[in-house]
Amino acid sequence: VQLQASGGGLVQPGGSLRLSCAASGSIFSIYIMGWYRQAPGKQRELVASLTAGGIANYANSVQGRFTISRDNAKNTVYLQMNSLKPEDTAVYYCRMSIKRLGDGYLDVYWGQGTQVTVSS
């Protein structure tokens with residue numbers, strides 16, 4: 001199983017970006033999908049998560065500005081980021097809890113990270 005994240009880049013304050021993360025491989029089902037971020041010198045933190053049942057959870061710092069969504073048919077999670085601030089600058093990582101085909105093993109997988117820079 002592999003996760004491929006995309007969509008990062010440089011954006012001005014107040015701008016928007018949309019991140020995507022697609023899972024591929026021997027996937028039976030995907031439970032929780034989420035996005036984390038890590039700024040220089042800081043610990044990785046949860047940005048948003050979304051259960052298979054559609055329950056979303058957001059960090060207080062992004063509530064009302066970011067929206068997480070998923071396309072189960074495409075094994076993909078999205079993060080729509082609006083009203084971006086310089087403090088949103090970080091490497092963003094996707095994370096999924098996936099049950100594999102065949103052995104049915106449930107494990108957590110991470111994407112490679114995509115850089116988001118908010119600057120004028």
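**Entry 1. Terms.** For this notebook I take strands as DSSP runs of E of at least two residues, numbered from the N terminus, and I count two strands as paired if DSSP finds at least two bridges between them. The model I am examining is predicted.

**Entry 2. The hairpin of β5 and β6.** I began with the turn between these two strands. Five residues lie between β5 and β6, and within this hairpin G54 takes a positive phi near 95°. I then looked up the pairing itself: β5 and β6 (residues 56–58) run antiparallel and share three bridges. L50 has A56 of β6 as its bridge partner.

**Entry 3. The hairpin of β4 and β5.** Six residues separate the strands, and G41 has a positive phi near 80°. R37 is bridged to E45 in β5.

**Entry 4. R37.** I followed this residue further. Is R37 buried or exposed? I found a relative accessible area of 6%; the cut-off for buried is under 20%, so R37 counts as buried. R37 belongs to strand β4. I next asked which side chains make polar contacts with the side chain of R37. One is that of S61, at 3.3 Å; another is that of Y92, at 2.9 Å. I also listed the residues that R37 touches, leaving out those up to four places away in sequence: among them are Q43, R44, E45 and V47, as well as V62, F66, E87, D88, A90 and V91.

**Entry 5. The open sheet.** I turned to another set of strands. Four strands make up an open sheet, ordered β1-β3-β8-β7, with antiparallel pairing. Which strands stand at the edges? They are β1 (2–6) and β7 (66–71); each has a single partner strand, so one side of each lacks a neighbour in the sheet.

**Entry 6. The pairing of β1.** β1 and β3 (residues 17–24) run antiparallel and are joined by five bridges. Within this pairing, A5 has C21 of β3 as its bridge partner.

Conventions
Residues numbered from 1 in each chain as written. Predicted model: local features only at pLDDT ≥ 70, side-chain atom pairs only at ≥ 80, totals over all residues. Heavy atoms only, no water. Buried < 20%, exposed > 50% of the residue type's maximum accessible area, 1.4 Å probe, protein only. Polar contact = N/O pair within 3.5 Å; in protein donor to acceptor, adjacent residues only side chain to side chain. Contact = heavy atoms within 4.5 Å.
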